[in-house]
Amino acid sequence: MLILDRMCFDLCLTTGVLQMRKTNKRKVSALLVVVLTGVLSACGEQEPDPERVASWREDYCSDLSTWQRLTHDPPEKGYDNEPGLTAAAVISAAKVIDREHLDHAGSHILYDTAQAVSHNDQDAEKRVSEYCAAVGFETLMKYL
């Protein structure tokens with residue numbers, strides 16, 4: 001909270017220095033509120049880097065694809081991955097997608113992923129596979 005001096009104070013802004021006197025305190029206070037509101041509202045609205053977004057989506061879809069192969073296809077000899085470990089990786093990647101709000105409107109990627117890998121929910125698995133297909137990783141999805 002700003003405490004205003006009764007007589008005057010100097011306020012440094014990027015555009016220069018405003019000298020406030022008793023007579024224009026309200027005008028400068030209103031201007032200060034507008035400037036600070038604009039600056040603070042812009043801070044939280046930055047979009048993530050498109051390369052990072054693509055990387056997060058690729059990680060998620062790749063982990064989902066690995067989990068699908070291990071769950072639906074019999075493992076090859078000497079293939080040590082377990083569906084439980086890959087399920088944890090898929091859920092971890094889904095948390096990033098959810099946290100960054102990269103799922104599509106009306107989609108619940110984290111919930112659907114958890115339902116698919118933990119409860120063998122085929123409808124949820126279809127929805128997350130469709131998500132990966134929609135963001136450009138349809139070739140990774142064996143089970144659409």
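Predicted model: local features only at pLDDT ≥ 70, side-chain atom pairs only at ≥ 80, totals over all residues.

Residues are numbered from 1 along each chain as its sequence is written, and side-chain values use heavy atoms, with hydrogens and water left out.

**Helices α4 and α5**

- Helix α4 spans residues 109-119 and helix α5 spans residues 122-134; helices here are DSSP runs (H or I, at least four residues), numbered from the N terminus.
- The two pack at an angle of about 130°, and their axes are 8 Å apart. Axes are lines fitted to C-alpha atoms over the stretch in contact, with angles from 0 to 180 degrees between N-to-C directions.
- That makes α4 and α5 oblique to each other, a label for angles that are not roughly parallel (under 35 degrees), roughly antiparallel (over 145) or roughly perpendicular (65 to 115).
- On the α4 side, I109, D112, T113, Q115 and A116 meet A124, E125, R127, V128 and Y131 of α5; contact means heavy atoms within 4.5 Å.
- Sorted by type, the residues of this contact are five nonpolar, two polar and three charged. Nonpolar covers Ala, Val, Leu, Ile, Met, Phe, Trp, Tyr, Cys and Pro, charged covers Asp, Glu, Lys and Arg, and polar covers the others, Gly among them.

**The aromatic pair**

- A search of the whole structure turns up one aromatic pair, meaning rings of Phe, Tyr or Trp (its six-membered ring) with centres within 6.5 Å.
- Y60 sits in helix α2 (residues 50-72) and Y131 in helix α5, so the pair ties together parts 71 residues apart in sequence.
- Y60 counts as buried at 0% relative accessibility, where buried means under 20% relative accessible area (1.4 Å probe, protein chains only). Y131 is buried as well, at 3%.

- T113, in helix α4, is buried at 1% relative accessibility.
- Beyond residues up to four places away in sequence, T113 touches Y60, V90, I91, A94 and V128.
- F137 is in the segment after α5 and counts as buried at 17% relative accessibility.
- Leaving aside neighbours within four places in sequence, F137 contacts A54, R57, E58, C61 and C132.
- F137 and S65 are 72 residues apart in sequence and 9.8 Å apart in space, C-alpha to C-alpha.

Technical notes: Buried < 20%, exposed > 50% of the residue type's maximum accessible area, 1.4 Å probe, protein only. Phe/Tyr/Trp six-rings, centres within 6.5 Å; stacked < 30°, edge-to-face > 60°.
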